[in-house]
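Student: Before we discuss any details, could we look at the model together and take it feature by feature?

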Amino acid sequence: MPEIPFPRAFRFSLVSLTSLLLCAAAGANEVQLEKYNTPVPTEILTPDTVSTSIGELRFFDGMPDAATVAAVYDNLDRVRATEAFLNMVPLASIEGLRRGMVSVGIDAAHKILLYDGLMDSNSLFLTGNTDTIYAIGLLDLQRDGPTVVEVPPGAGPGTVNDAYFRFVVDMGSPGPDRGQGGKYLILPPGYEGDVPEGYFIARSPTYINWLPLRGFLRDGKTDAAVAMWTQGLKIYPLALKDAPPALEVVSGTGRYMNTIHANDVTFFEEIAEVIEREPLDFLDPELRGSLASIGIEKGTPFAPDERMQALLVDGVAIANATARALAFRPRSDSIRLYGPDSAWFSAFDGGSYQWLRNDGRGGRYQDARTLFFYIATVNTPAMVLEMVGVGSQYALAATDTEGNYLQGAASYRLTIPADVPAKDFWSLVVYDPQTRSMLQTDQPYPSKNNERNRDLQSNSDGSTTIYFGPEAPQGMESNWIQTVPGKGWFLCLRLYGPLKPWFDQSWRPGEVERL
């Protein structure tokens, strides 16, 4: 008997299709309970028509008709595409960093990207700061095998994150060397060789690992930290320990580079490349299965057909909008630092660098993970745990006291109370909501920092008021951060070396007030 085409390679015979049409013509709209010899609960049965958000679904005795099958499979693949984006933002972000760094010549372990004049708004870099001297490396353990990182004494917070942005090890002040310097050995996945003594050992589940190290300003200048990195930092394969290559530096200050993942359908191409490069088991079977359902599987070319491509386009658009809602209008009750009447929220909702809800009782906090990696980088316990005087703490705000988004054409003020509980320093940086990178204005450093900006004016009570807007208020130019009419912005407050009043909230920042 001849057959007709059916979505997703399913085929029904004309006999089956005729049966469906005859049942529909007979008006089979209700579940026929009289067809059963024993009582059957209605909640386990499916009516012949069901109204849903994807249209009216039709069934013959619980079996979906052709149009329903097509609709639900389209919906399923769209949902899987949406979930894949939301779950893979951490992975895509590391891949964006890798591509950006390679584009400026960071293609070997001994080469670093050094922001010797601080990071400015030329770099498209998720919520990078203008406050610390970044020395950023990129490890490829498949290419180099076990790799040594020699951190000099005096280093600030440093971290190794794997290809899914998971924590591998801290270095510097929050690391096991406690700022005294030391040798770290990063071992690749599945390494079974000899492990020499004299190193802090860390094992990574992935080949690609990102290495952001930070040094602090001294007297408002970068000189000391630049000297520390250029003279004391060494990164090299263990195999070359007897004659390690000299450190090579690429200056990042003033340099354009893009380190941000795609937000359109090419996102999935970025993911497919990483899945092919990394070991099979670096993601758990659940995540791998989610990707395989939309055609991304190790050892298999990613080649969506026309139908799937259209659903991926739709799915990624929905997912990107969802990520932006999570980032700029978070609905979680636990994310607000000072309750529902304050705009300040935490980047680490739930307080877990492993993204566990309620100490794991609630499983993986997927929304919190998506939110963080959509707008931020670096995953370390030092940014979450109460480590008094060590590491760093963060607060974000995207709305004013009226609950409205921050507008580049308007003017605002924010007061930072006296006695900021930061052993090292505090800062405010303004970001572009589109790129989640520093807002590009006539000011290359859209920020204020009490260590670098020694001309900040204080109020009589010791507090400091910062002004935001397209034009500086007269006489307060030193306390002004420029914004751009027609663009929004959001804000990050950083405390380096946070002290007890930050954690017990006996000190808190003011709110962003529109003038």
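Tutor: Helices and strands here are DSSP runs numbered from the N terminus, with a helix needing at least four residues. Please keep in mind throughout that this is a predicted model.

Student: With that numbering in hand, which residue takes a positive phi just after α2?

Tutor: Helix α2 covers residues 66-103, and the backbone angle in question belongs to a residue just after that helix. The phi there is about 105°, and the residue that takes this value is G105.

Student: Which element gives the largest share of the lining of the largest pocket?

Tutor: This pocket has a volume of about 790 Å³ and is lined by 33 residues, with N87, Y164, R364, Q366 and R369 lying nearest its centre. The elements that give two or more residues to the lining include α6 (285-292), α7 (306-328) and α8 (366-375). The largest share, eight residues, comes from α2.

Student: How many residues of the lining of the largest pocket are charged?

Tutor: The lining of the largest pocket divides by class into 14 nonpolar and nine polar residues, besides the charged ones. R364 and R369 are among the residues nearest the centre, and arginine counts as charged in this division. The number of charged residues in the lining is 10.

Student: Which elements give two or more residues to the lining of the second largest pocket?

Tutor: The second largest pocket has a volume of about 320 Å³, and of its 15 lining residues the closest to the centre are L337, S346, V384, Q393 and W502. The elements that give two or more residues to this lining are β16 (392-397) and α9 (500-503).

Student: Which element gives the most to the lining of the largest cavity?

Tutor: The structure holds two cavities of 30 Å³ or more, and about 180 Å³ of space lies in the largest. Its lining is made of 17 residues, of which T127, T377, M383, Y394 and R494 lie nearest the centre, and the elements giving two or more residues to it are α8, β16 and β23 (488-498). The one that gives the most, with three residues, is β23.

Student: Why is one side of β9 and of β14 left without a neighbour in the sheet?

Tutor: Six strands form an open sheet in the order β9-β8-β12-β6-β4-β14, with mixed pairing. Because β9 (167-171) and β14 (248-251) stand at the edges, one side of each is left without a neighbour, and what each of them has is a single partner strand.

Student: What is the bridge partner of T159 in β9?

Tutor: Strand β8, residues 158-161, runs antiparallel to β9, and four bridges join the two. In β9, the bridge partner of T159 is D170.

Student: Which helix packs on the six-stranded sheet?

Tutor: The helix touches β4 (111-114), β6 (132-140), β12 (208-216) and β14, and its direction makes about 140° with that of β12. The helix concerned, residues 223-232, is α4.

Student: Finally, which strands are the edge strands of the open sheet of four strands?

Tutor: The order of this sheet is β11-β10-β7-β13, with mixed pairing. Five bridges join the antiparallel strands β7 and β10, where V149 has Y184 as its bridge partner. The strands that pair on one side only are β11 (200-203) and β13 (234-237).

Note on methods. Residues are numbered from 1 along each chain as its sequence is written. This is a predicted model: local features need pLDDT of at least 70, side-chain atom pairs count only at pLDDT 80 or more; totals for chains, interfaces and linings use all residues. Side-chain values use heavy atoms; hydrogens and water are left out. The bend at a residue is the angle between axes fitted to the seven residues ending there and the seven starting there. On a 1 Å grid over the protein atoms alone, a cavity is a set of points where a 1.4 Å probe fits but cannot get out, and a pocket is an open set with protein on both sides within 12 Å along at least five of seven lines; lining residues have an atom within 4 Å of a point. Grid points are joined across faces, edges and corners, and a volume is the space filled by probe spheres set on the points. Two strands pair if DSSP finds at least two bridges between them. Contact means heavy atoms within 4.5 Å. Axes are lines fitted to C-alpha atoms, for helices over the stretch in contact, and angles run from 0 to 180 degrees between N-to-C directions.
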